[in-house]
Amino acid sequence: MKLFVTTGMLLTSLLLVESNGQDKPTEQDLQSASHYRPHQSKGTPLEGLRVAIDVGHSRESVGALSARGIGEFYFNAETAKVVSRVLEEAGAIVILINGDGMTTGLAERGASAMKAKADCLISIHHDSVHDQYKKPWTYEGKKHLFADNFRGYSVFSSSLNQRADSSRTLALNIGEALYETGLRPTYHHNEPIEGENKEFVDQRTGVYEFTNLVVLKSSPMPAILLECGVIVHRDEELLVQQMLYREMIAGALVKSLSKSAQAGTVGNRKGKGGFLKRLFERWSN
Ligand SMILES: [Zn+2]
């Protein structure tokens with residue numbers, strides 16, 4: 001599928017990065033857009049950190065379908081490529097999990113990351129909404145389902161992960177870094193409806209607790225899942241495919257991973273008392 005999005009359209013979309021579903025940017029939207037700035041890292045702040053980047057879903061089971069009928073797996077794979085490049089430029093050793101889209105199991109992703117001695121795992125996904133919000137429309141002669149009600153990113157951690165405290169801290173750092181770039185979260189996972197009902201860890205920055213998410217609870221290292229944007233939303237589907245958007249996500253990950261590594265909660269290089277903190281965390285969970 002060929003996409004043509006002008007810079008003007010992209011900026012308009014960025015101005016609309018709010019979860020209120022309104023078509024016109026409010027004063028608040030404009031203020032948040034003025035804070036829009038991708039994180040630029042200097043030097044190699046992630047030197048030696050081993051980061052597993054998991055491409056969510058597979059070729060066989062593609063996950064959500066976008067408003068234009070593209071499987072989520074393909075969005076995840078493209079974003080994971082950009083994230084991997086930017087993390088490597090920042091000095092990280094990236095372990096790409098399911099890069100070929102042939103991994104169907106969930107628990108084996110954490111196991112692969114463990115085998116590769118990853119310091120943490122980041123699972124890359126793109127989001128959908130509950131079926132009750134979806135409506136039919138026709139795009140290029142084909143019928144698809146869309147929902148323009150919600151847009152934005154979400155970050156999840158699980159209290160059942162063996163390194164739950166570090167996972168939560170990493171999720172909070174990522175939410176904060178994404179928010180600082182000018183992106184805004186979606187709140188629909190907190191709705192009291194079946195399949196949602198997720199509690200906020202931090203509402204402002206879009207961080208949720210997702211206790212039974214298999215890829216998180218089965219990973220032996222700090223792990224988070226990132227929903228980069230809502231692809232069933234017609235504008236956001238186009239926005240998340242922009243290189244700039246993917247680099248904004250990647251830059252926020254560099255910043256947040258660097259913060260967690262400095263604090264000693266991810267990796268084992270810097271940070272005071274990191275080793276004891278990790279040992280205590282394993283024992284207490
Ligand atoms: Zn997914």
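Is Ser 159 exposed, partly exposed or buried, judged by the other C-beta atoms within 10 Å? Ser 159 is partly exposed, because 17 other C-beta atoms lie within 10 Å; a residue is called buried if 20 or more other C-beta atoms lie within 10 Å of its own, exposed if 12 or fewer, and partly exposed in between, with C-beta atoms placed from the backbone.

Before going further, note that this is a predicted model, in which local features need pLDDT of at least 70 and side-chain atom pairs count only at pLDDT 80 or more, while totals for chains, interfaces and linings use all residues.

**Whole chain**

Begin with a cartoon view of the chain, whose secondary structure comes to nine helices and nine strands; these are DSSP runs numbered from the N terminus, helices being H or I of at least four residues and strands E of at least two. Of the 285 residues in the chain, 47% are buried. Among contacts with a separation of 6 or more, 75% join residues 24 or more positions apart, a contact being two residues whose C-beta atoms, placed from the backbone, lie within 7 Å.

**The loop between S6 and H5**

Select Ser 158 and Ser 159, where Ser 158 sits in the loop between strand S6 (154–157) and H5 and Ser 159 is found in the loop between S6 and H5 as well. Ser 158 counts as buried because it has 24 C-beta neighbours inside 10 Å. Not counting residues up to four places away in sequence, Ser 158 touches Ser 167, Phe 210, Thr 211, Leu 213, Leu 216 and Lys 217, and its C-alpha atom is separated by 9.1 Å from that of Val 214, 56 residues apart along the chain. With neighbours within four places again left aside, Ser 159 is in contact with Ala 164, Glu 209 and Thr 211, and Ser 159 and Phe 210, 51 residues apart in sequence, are 7.7 Å apart C-alpha to C-alpha.

**Helix H5**

Move on to residues 164–180, which form helix H5, with 17 residues and a reach of 24 Å from first C-alpha to last, close to the 24 Å expected at 1.5 Å a residue; the expected span is 1.5 Å times one less than the number of residues. H5 is mostly covered, as 14 of its 17 residues are buried, and just after H5 comes Gly 182, with a positive phi of about 105°.

H8 is largely enclosed by the rest of the structure, because 15 of its 20 residues are buried, and just after H8 the residue Gly 264 takes a positive phi of about 80°.

H5 and H8 pack with their axes 8 Å apart at an angle of about 140°, where axes are lines fitted to C-alpha atoms, for helices over the stretch in contact, and angles run from 0 to 180 degrees between N-to-C directions. The two helices H5 and H8 are therefore oblique to each other, since angles under 35 degrees count as roughly parallel, over 145 as roughly antiparallel, 65 to 115 as roughly perpendicular and the rest as oblique.

**Helix H3 against H8**

Next select H3 (residues 72–89), whose axis comes within 9 Å of that of H8 and crosses it at roughly 50°, so H3 and H8 are oblique to each other. Residues of H3 including Thr 79, Val 82 and Leu 87 meet residues of H8, among them Met 243, Ala 250 and Val 254. The buried residues of H3 pack against S1, strand S2 (93–97), strand S3 (120–127), strand S9 (223–230) and H8, and H3 is followed by Gly 91, whose phi is positive, near 100°.

**The nonpolar core**

Finish with the largest nonpolar core, of 70 residues, in which Val 51, Leu 87, Cys 120, Ile 174, Ile 224 and Leu 253 touch the most other members; such a core is a set of buried Ala, Val, Leu, Ile, Met, Phe, Trp, Tyr and Cys residues joined through C-beta atoms within 7 Å. Centre the view on Leu 87, which touches Leu 46, Val 51, Ala 92, Val 94, Ala 250, Leu 253 and Val 254, not counting residues up to four places away in sequence.

Key
Residues are numbered from 1 along each chain as its sequence is written.
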